[in-house]
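Visitor: Hi, I'm new to this one. Could you walk me through it?

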Amino acid sequence: MNASPPVATAPLIDRFARRITYLRLSVTDRCDLRCAYCMPERMEFLPRAEVLSLEELHRLSLHFIARGVRKIRLTGGEPLVRRDMVELVRALGRKLGDGLDELTLTTNGTRLAEFADDLAAAGVKRINVSLDTLDRAGFAKLSRRDMLPQVLEGIAAAKAAGLKVKVNAVALKDVNEAEIPALIEWAHGAGHDMTLIEVMPLGEVEGDRFDHYLPLDAVRRDLEKRWTLTASDARSGGPARYVDIAETGGRLGFITPLTGNFCEGCNRVRVTATGQLYMCLGGEGRVDLRAALRCDDPDGALDEAFARAMGEKQERHSFVIDRPGGAPAVSRHMSTTGG
């Protein structure tokens, strides 16, 4: 992956004067878990021929960096199930300090023990690990895979490699609701920040998300009865808003796409593993970057695609979970968009 970097040009600014500095880049829609709130058990994944090559992902990333993106998060699916994905991390790591401020990824942790040292050596400083429960039976039921020991081993390996770990947990009524305080105590006790996330209505799943939707404003009120929560000015470049908890000595974030819309400060776009640029997680609007990459004038075509995307980026999403049997906000699953 020795693509020549494009010449830096104008920053990406949408029609609401929001500057795009954060790219969430999916390298695969495949995952080795089947979390019930995310996808059905018999998930149909994309044909491999439709997925961008590592060279294309690299070239596309260089174009985003040239247009002012300062942070790239590699996502999936599960990014570490893609063969040779670490080669992409190494290539992008060479841009750190040269247009790129941060390179990170979100992972379910199942393969982290194998790759933690390589990620750290490539310049990754911190990662997000999705973990909704510490109960092995509960984990197996929720993810449909008995892999909690591998996840915990991966988190330990990441810490040993010097990676800063943030634990992400989707808050689910009657699933992990009662365990949230213990999960926070465990994460903070191990030196990890933690973020709670409201379940999002993306794609059809086998259950009804209404049954497990847990508003985080209610969770926060319950936590305030237990601990002292103080608003923090810490920011990680994404939508999380943080508090410091005096009793645990750690930081807790809240991502509230339903109860606390945060779109006015949106600095993000997402690119799927097939090169579809989604300007909003909660919208259907997209621009085909794969076609641009594969045409006779990819540089010009990408600039044209970026301009179209900035003109079409919507002001806000409209996530709602307010009744049983409600349809998803968008038809595609989170693993297809890039988590």
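Guide: Here is a short tour, from the overall make-up to single residues. This is a predicted model, where local features need pLDDT of at least 70 and side-chain atom pairs count only at pLDDT 80 or more, while totals for chains, interfaces and linings use all residues. Residues are numbered from 1 along each chain as its sequence is written, and side-chain values use heavy atoms, with hydrogens and water left out.

Visitor: Okay, how many helices and strands are there?
Guide: The protein has 11 helices and 12 strands. Both are DSSP runs numbered from the N terminus, with at least four residues (H or I) for a helix and at least two (E) for a strand.

Visitor: And what share of the residues is buried?
Guide: Buried residues are 55% of the 339 in the protein. Buried means under 20% relative accessible area, exposed means over 50%, and partly exposed is in between, using a 1.4 Å probe and protein chains only.

Visitor: Which residues touch the most others in the largest nonpolar core?
Guide: Phe64, Leu74, Leu277 and Leu289 do, in a core of 88 residues. H10 gives the most to this core, with 6 residues. A nonpolar core here is a set of buried Ala, Val, Leu, Ile, Met, Phe, Trp, Tyr and Cys residues joined through side-chain atoms within 4.5 Å.

Visitor: What does Leu289 touch?
Guide: Leaving out residues up to four places away in sequence, Leu289 touches Leu60, Phe64, Val271, Gly275, Leu277, Leu302, Ala305 and Phe306. A contact means heavy atoms within 4.5 Å.

Visitor: Back to H10. Which of its residues are buried?
Guide: Pro298, Ala301, Leu302, Ala305, Phe306, Ala309 and Met310 are buried in H10. They pack against helix H1 (54–66), strands E10 (268–271), E11 (276–278) and E12 (286–288), and helix H9 (289–293).

Visitor: Why that spacing?
Guide: An α-helix has 3.6 residues a turn, so residues three or four places apart point the same way.

Visitor: What span should H10 have?
Guide: H10 covers residues 298–312, and at 1.5 Å a residue its 15 residues should span 21 Å. The expected span is 1.5 Å times one less than the number of residues. The end C-alpha atoms are 21 Å apart, which agrees.

Visitor: New topic: how many salt bridges are there?
Guide: There are 15, each one a side-chain nitrogen of Lys or Arg within 4 Å of a carboxyl oxygen of Asp or Glu. Asp14 and Arg18 form one of them, at 2.7 Å from N to O, and both Asp14 and Arg18 are buried.

Visitor: What about Glu102 and Lys71?
Guide: Their side chains meet in a salt bridge at 3.9 Å, N to O. Glu102 is in strand E3 (residues 102–107) and Lys71 in strand E2 (residues 71–75), 31 residues apart. Both Glu102 and Lys71 are buried, and a network of salt bridges links Lys71, Glu102 and Arg126.

Visitor: Last stop: how do E8 and E9 run, parallel or antiparallel?
Guide: Antiparallel, with 5 bridges joining E8 to E9 (residues 250–255). Two strands pair if DSSP finds at least two bridges between them. Ile245 has Gly250 in E9 as its bridge partner. The hairpin of E8 and E9 has 4 residues between the strands, and Gly249 there takes a positive phi near 75°.
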